[in-house]
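Subject: Handing over the structure

Hi,

Here is the structure I promised to pass on to you. Please open it next to this email and read along.

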Amino acid sequence: MGNDTTRDRVLGLIASAGPITASTLAVELGVTPAGVRRHLGALSDSGLIEEHEPPGQHVRGRGRPAKSYVATTEGQQSLATAYTSVAVDAMTFMREHGQLEEFVEAKSLELEHALAAVVPADAPMSERVAALSSALADRGFATSVRPGPGGYTVQLCQGHCPIQSIAEEAPEWCEAETRAFSRVLDVHVQRLSTLAGGAHVCTTTIPVASAAAKEG
């Protein structure tokens with residue numbers, strides 16, 4: 001196993017289980033103590049990890065506990081980038097093996113069920129869209145709702161997409177997400193733009209006037 005791969009494993013375990021000592025890292029990863037110390041030195045020099053100082057712990061010398069390490073903000077971001085790269089590769093692999101459509105549809109259904117649980121089925125459309133926006137915001141999509149021309153529609157805007165890199169590789173994600181919105185709201189919606197497609201925001205137009213007339 002290459003040094004870079006092992007270093008990523010060391011950083012990943014520190015990020016998920018830190019504060020953690022060098023000896024525990026060695027045991028968990030099956031790496032020699034000397035090897036762990038080498039990786040710890042490199043990660044520390046890169047600013048990806050730092051030594052953990054317990055509150056009120058100022059004792060130095062023989063009575064001092066073994067050093068333990070935590071990931072810095074830069075370290076967490078570095079891991080996120082690495083995980084995204086693997087996820088994008090996974091999308092390519094599944095497409096090549098004819099598995100992407102089934103996977104995306106399954107994840108879309110998961111999203112639909114989660115959203116349907118918090119979007120009231122019998123409320124006015126404006127309230128349902130607001131609930132949808134709030135639920136998406138809780139999932140990291142940075143959403144807002146804007147009135148459309150003439151008051152016949154609203155625009156659901158997503159200023160951030162947690163899976164943008166994946167969607168850029170697999171636009172099927174955006175299409176499946178749009179279908180999920182339609183099913184949750186029980187109305188036809190139209191995706192006008194996406195972050196994955198190069199726009200500065202994902203914009204979905206949702207009719208409210210026709211829905212109001214239907215409800216009336």
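Predicted model: local features only at pLDDT ≥ 70, side-chain atom pairs only at ≥ 80, totals over all residues.

Below is what turned up, starting with the overall picture and then going part by part.

Residues are numbered from 1 along each chain as its sequence is written, and side-chain values use heavy atoms, with hydrogens and water left out.

**The whole chain**

The protein chain has nine helices and seven strands. Both are DSSP runs numbered from the N terminus: helices are H or I with at least four residues, and strands are E with at least two. Of its 216 residues, 38% count as buried. Buried means under 20% relative accessible area, exposed means over 50%, and partly exposed is in between, using a 1.4 Å probe and protein chains only. Now take the contacts (heavy atoms within 4.5 Å) between residues at least 6 apart in sequence: 53% of them join residues at least 24 apart.

Helix 3 covers residues 33–45, and its 13 residues should span 18 Å at 1.5 Å a residue; the end C-alpha atoms are 18 Å apart, which agrees. (The expected span is 1.5 Å times one less than the number of residues.) Which residues of helix 3 are buried? They are Gly 35, Val 36, His 39, Leu 40, Ala 42 and Leu 43. Looking down the axis of helix 3, you'll find its buried residues within an arc of 165°, so they line one face of the helix. That arc is taken from the directions from the helix axis to the C-beta atoms. On the face turned away from the buried side sit the exposed residues Arg 37 and Asp 45. After helix 3 comes Gly 47, with a positive phi near 75°.

Helix 4 runs over residues 73–96, and the same kind of check works there: 24 residues should span 34 Å, and the end C-alpha atoms are 35 Å apart, which agrees. Its buried residues are Gly 75, Leu 79, Val 88, Met 91 and Met 94. Helix 4 is followed by Gly 98, whose phi is positive too, near 70°.

Three strands make an open sheet in the order 1-3-2, with antiparallel pairing. (Two strands pair if DSSP finds at least two bridges between them.) Strand 1 (20–21) and strand 2 (49–51) are the edge strands, each pairing on one side only. Strand 2 is joined to strand 3 by three bridges, and Glu 50 has Val 70 in strand 3 as its bridge partner.

Ser 68 is worth a click; it lies in strand 3 (residues 68–71). Is Ser 68 buried or exposed? At 12% relative accessibility, Ser 68 counts as buried. Setting aside neighbours within four places in sequence, Ser 68 is in contact with Pro 19, Ile 20, Thr 21, Glu 50, Glu 51 and His 52.

Further along, strand 4 (residues 143–147) and strand 5 (residues 153–158) pair antiparallel over five bridges, with Val 145 partnered by Leu 156 in strand 5. Their hairpin has five residues between the strands, and Gly 150 takes a positive phi near 75° there. Strand 5 also pairs with strand 7 (residues 202–207), antiparallel over six bridges, and Gln 155 stands opposite Thr 205 in strand 7.

**The cores**

A nonpolar core here is a set of buried Ala, Val, Leu, Ile, Met, Phe, Trp, Tyr and Cys residues joined through side-chain atoms within 4.5 Å. The largest one has 22 residues, and those touching the most other members are Leu 115, Met 125, Leu 132, Leu 136, Phe 181, Leu 185 and Ile 206. Helix 5, helix 6 (125–138), strand 5, helix 8 and strand 7 each supply at least two residues of this core. Helix 6 gives the largest share, six residues. A second, separate core of 17 residues includes Val 10, Ile 20, Leu 25 and Leu 40.

**One aromatic pair**

The structure holds one aromatic pair: Phe 103 and Trp 173, edge-to-face, at 6.0 Å centre to centre and 80° between the planes. (Rings of Phe, Tyr and Trp, using its six-membered ring, pair if their centres lie within 6.5 Å; planes under 30 degrees apart are stacked, over 60 edge-to-face, and the rest tilted.) The pair links distant parts of the chain, 70 residues apart: Phe 103 is in helix 5 (residues 100–116) and Trp 173 in helix 8 (residues 172–185). Phe 103 is partly exposed at 31% relative accessible area, whereas Trp 173 is buried at 15%.

Happy browsing!

Methods
Expected span 1.5 Å × (residues − 1).
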